[in-house]
Amino acid sequence: MNASAHQELEPTEYVIEAKGLSKCFGDNIAVNKLDLKIPKGSIYGFLGPNGCGKSTSIRLLTGLLEASEGEVNILGQPLLGHEESLKKRIGYMTQKFSLYDNLTVQENLNFVGAIYGFAGRKKKNRIEELLALYDLEKQTKQFAGSMSGGQKQRLALACATLHSPELLFLDEPTSAVDPENRREFWERLFDLCDAGTTILVSTHYMDEAERCHALAIMEEGNKRADGSPQALMDAMPATVVEVSGNQLRQFKQTLIQHPDILSAAQIGSHLRVLVKQQVADPLNFISQLSQGREALLARPSLEDVFVACTGGRHVD
Amino acid sequence: MWIRIYAIFTKELKQLSRDRMTFGLIIMIPLVQLMLFGYAINTTARHIPVGLIDLSQTSESRAIAHAITATQSVNFTARYRSIKEAEVAITRGEIKAVLYLPADLTRRLFSHPLYDHQQPNSPLTRPVGQWIVDGSDTVIASSIRALRNMPLDEVANHAVIRTAPSFEVVQYFNPEQRTVVNIVPGLVAVILTMTMILFTSAAIVREHEHGNMEFLITTPVRSIELMIGKITPYVLIGLIQVSIILSVGHWVFSVPIRGHLLSLLGGSILFIFASLTLGLVLSTIAKNQLQAMQMTIFILLPSILLSGFMFPYDAMPVAAQWIAEALPVTHFMRMIRAIVLRDASILLLGEDALWLGLFTVGGIIIASLRFKKKLE
Ligand SMILES: Nc1ncnc2c1ncn2[C@@H]1O[C@H](COP(=O)(O)OP(=O)(O)OP(=O)(O)O)[C@@H](O)[C@H]1O
Ligand SMILES: [Mg+2]
């Protein structure tokens, strides 16, 4: 399936266009024929399990890795041959903290500012602005290495956005952050987006993926589906049925043997069952199997889409 | 461009000043090496433990043993009754040599021209005793060989007229022939090679290993800016080390510093840059810090062995000389010894200075070209 329903407003300009982008490490195909079209001003998500090629895709799009195959246009320019001039216009927050642990927050920002060519009053003002925006004013003299996960991540975002890039890549930016700070972080992302920055963010959290304007679900280097979260849920190739009753563990074992059932996962006191699309009346089909347990149709969630797209291999 | 170089320079300097371990090494390596080479390493051996087989047991034999001890070359630590016994002791390593004085020592001594100058120097003259030496250590063997023609006049209690030497030797620059005078300036070269290459060979790799590189190469920073910014802080470090070695050498080991300080500074800076860029080139080749370390040692060994630090350059085979010429340290070894010991000006050493300059420029270019702003 390919539900290509992007934003409501008709996109006129694509900030990232990739065609047949592939990357092999020896025999291992990390990214396989990835096609992407990301409109200006949107937040686009890469959702996928560990090792599915999210980081590799981002590195290909930032020009850090040379593609084995395929073409990329970034901000209207072909990436190949324009890597250096594009570097002034893009920002990148790496998955692993990549600032200097033994420099203070202020020193890190000063360094990054100077690298981007800021000097004097201009640099000072910009850094003060960022310190206030990302709530780091009290930490200016603290070594980056001694900060908490959430503080590090805010510093990294401040550094990645110091030069006000038009396109921002964020590789699992919230992996070390609690839900409260995650909400706060996403508020900042929407602020940036509002100011016209296009953001590509990778994640393996469903709730984060749901906040994106559009996302790609990736598995083993392949893009399995893309579109807005709503469109993905609407076009899901399976039906969700919730079953409640007794002895759910054993019932689950019998269910997942059935060829027409994609997956069954226990969530609290009920089982969430994904029935393949070709089954005409999924509710009736499950009721017959469930021997008196209660079965109800449910609204699909993004997690269901993810499971349906990746064949349930990554969810118990 | 200068903003970025300056930013990288200050960043490196701050990181360096917070790295206690590295900072300690910068000070400790020169001091420890200087003490080791200054005190422990001496190519003329003294107080070698030796044994004595005295079969004559006369006042003359005791006088000879006494005269030999007085040279301070050897210490008689044991006595043996037979050659067999002494051989076992040599094999066990208890003694390095044994002096055999035969039963007819007195007769041999009295007919020896070194004892009695009226005796003719005939082919029938027999040596008064025999040294049996563990020849595996050449330094010890040659020290004992020097005792071969020891005058016996102290035993005789009267002066012997010695023949005039064929040549008179006048020793410039190091009249007392102290090894340390030659070693201290050489040590400057060796320690700079070691520390400068060691620090910079890890410079790029470390950023990779700590994950900093992935961010750095997505910024507009240029390779050449990164390279220059990364090595300049170490120039200061290098100069600190030169000052430590030469001042300790001067005040503790009385090594004369005859050359002009400007020549010294100029030569040192040239060599520091050459070593740093060599380290940078290694850094662009190494995949991790361990490899960087191994490559440093790979360069360091020939630098110590072939540069003229250990063995005289002119005595080496031609092939070894070629290899030596390809190492910056050989050129600096010549320069610093000339400047410190012989008061040569850097202008007099133009060729070596030029070489060091070429190494630097070549190294920076190679490192910048090799360094790709890519992750592979
Ligand atoms: N430099 C490399 N050399 C060889 N294989 C690599 C390299 N980088 C990544 N891979 C492989 O490519 C695949 C994709 O890796 P990638 O880092 O892109 O995954 P990811 O989606 O970012 O995973 P995670 O969520 O754990 O960060 C993996 O199988 C990985 O082993
Ligand atoms: Mg990753």
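Me: What area is buried between chain A and chain B, and what share of it do carbon and sulfur atoms give?
Reply: In this predicted model, the area buried between chain A and chain B is about 2700 Å², with 59% given by carbon and sulfur atoms; buried area is the accessible area (1.4 Å probe) that two parts lose on being put together, summed over both. Leu64(A), Tyr100(A) and Ile115(A) supply 24% of what chain A buries against chain B, more than any other three residues.

Me: And how many salt bridges are there between chain A and chain B?
Reply: There are four, a salt bridge being a side-chain nitrogen of Lys or Arg within 4 Å of a carboxyl oxygen of Asp or Glu. One of the salt bridges joins the side chains of Arg59(A) and Glu214(B), at 2.8 Å from N to O.

Me: Switching topic, which residues coordinate the magnesium ion (ligand 2)?
Reply: Ser55(A) through OG and Gln95(A) through OE1, at 1.8 to 2.1 Å; donors are N, O and S atoms within 2.8 Å of the metal (3.2 Å for Na, K and Ca), and water is not among the atoms, so sites may look incomplete.

Me: Is Ser55(A) buried or exposed?
Reply: Ser55(A) is buried, at 13% relative accessible area, whereas Gln95(A) is partly exposed at 38% (buried is under 20%, exposed over 50%, partly exposed in between, with a 1.4 Å probe and protein chains only).

How values were computed. Residues numbered from 1 in each chain as written. Chains lettered and ligands numbered in written order. Predicted model: local features only at pLDDT ≥ 70, side-chain atom pairs only at ≥ 80, totals over all residues. Heavy atoms only, no water.
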